[in-house]
Amino acid sequence: DMATHGQAYFQLEEKEDAESCTTELCLRSDHTLQVGETNGPRYIEAVGVWQEYSYDSSSNNPQQGLETNLHGVEFEMRLTRTFETGREKRDWTNVGRF
């Protein structure tokens, strides 16, 4: 499992309508995400966390913890990125940061 064996690198494929992009992610052993290069929209800040849940197959209830095989394990990742438009928010009609 990733929590005990260091870190793992992935490429996150994102699709919106006909557009797609790829962003590099590193899942660290402390359950944080390191967000790397992207060929999509440029962000000014990115933070995230990840977690694995194992399931008791007899009751189908989530049990927080890790297993060495993928059977009965759910993966959850939360990624928050901040983007900036071409101008600062000056009134309610401007987007500013989002």
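I count Ala, Val, Leu, Ile, Met, Phe, Trp, Tyr, Cys and Pro as nonpolar, Asp, Glu, Lys and Arg as charged, and the others, Gly among them, as polar.

**Ground rules.** I am working on a predicted model, where local features need pLDDT of at least 70, side-chain atom pairs count only at pLDDT 80 or more, and totals for chains, interfaces and linings use all residues. Residues are numbered from 1 along each chain as its sequence is written, and side-chain values use heavy atoms, with hydrogens and water left out.

**Entry 1, the pocket.** I looked up the largest pocket. A pocket is an open set of points on a 1 Å grid over the protein atoms alone, where a 1.4 Å probe fits, with protein on both sides within 12 Å along at least five of seven lines; lining residues have an atom within 4 Å of a point. The largest pocket holds about 180 Å³ of space. That volume is the space filled by probe spheres set on the points. Its lining includes Glu14, Lys15, Glu19, Arg81 and Phe83. I sorted the lining residues: five are charged, three nonpolar and two polar.

**Entry 2, β1 and β2.** Strands here are DSSP runs (E, at least two residues), numbered from the N terminus. Two strands pair if DSSP finds at least two bridges between them. I found β1 at residues 8-16 and β2 at residues 19-27, paired in the antiparallel sense over nine bridges. Which residue of β2 is the bridge partner of Gln11? I found Glu24. The hairpin of β1 and β2 has two residues between the strands, and Asp17 takes a positive phi near 55°.

Leu27 has Leu33 as its bridge partner in β3. Leu25 has Val35. Five residues lie between β2 and β3 in their hairpin, and His31 in the turn has a positive phi of about 70°.

I placed Trp50 in strand β4, residues 45-56. Is Trp50 buried or exposed? Trp50 counts as buried because its relative accessibility is 2%; buried means under 20% relative accessible area, exposed over 50%, partly exposed in between (1.4 Å probe, protein chains only). A polar atom of the Trp50 side chain lies 2.9 Å from the backbone oxygen of Arg28. Trp50 and Thr32 are 18 residues apart in sequence, yet 6.2 Å apart in space, C-alpha to C-alpha.

Note on methods:
Helices (H or I, at least four residues) and strands (E, at least two) are DSSP runs, numbered from the N terminus. A polar contact is a pair of N or O atoms within 3.5 Å; within protein, one must be able to donate a hydrogen and the other to accept it, and residues adjacent in sequence count only if both atoms are side-chain atoms.
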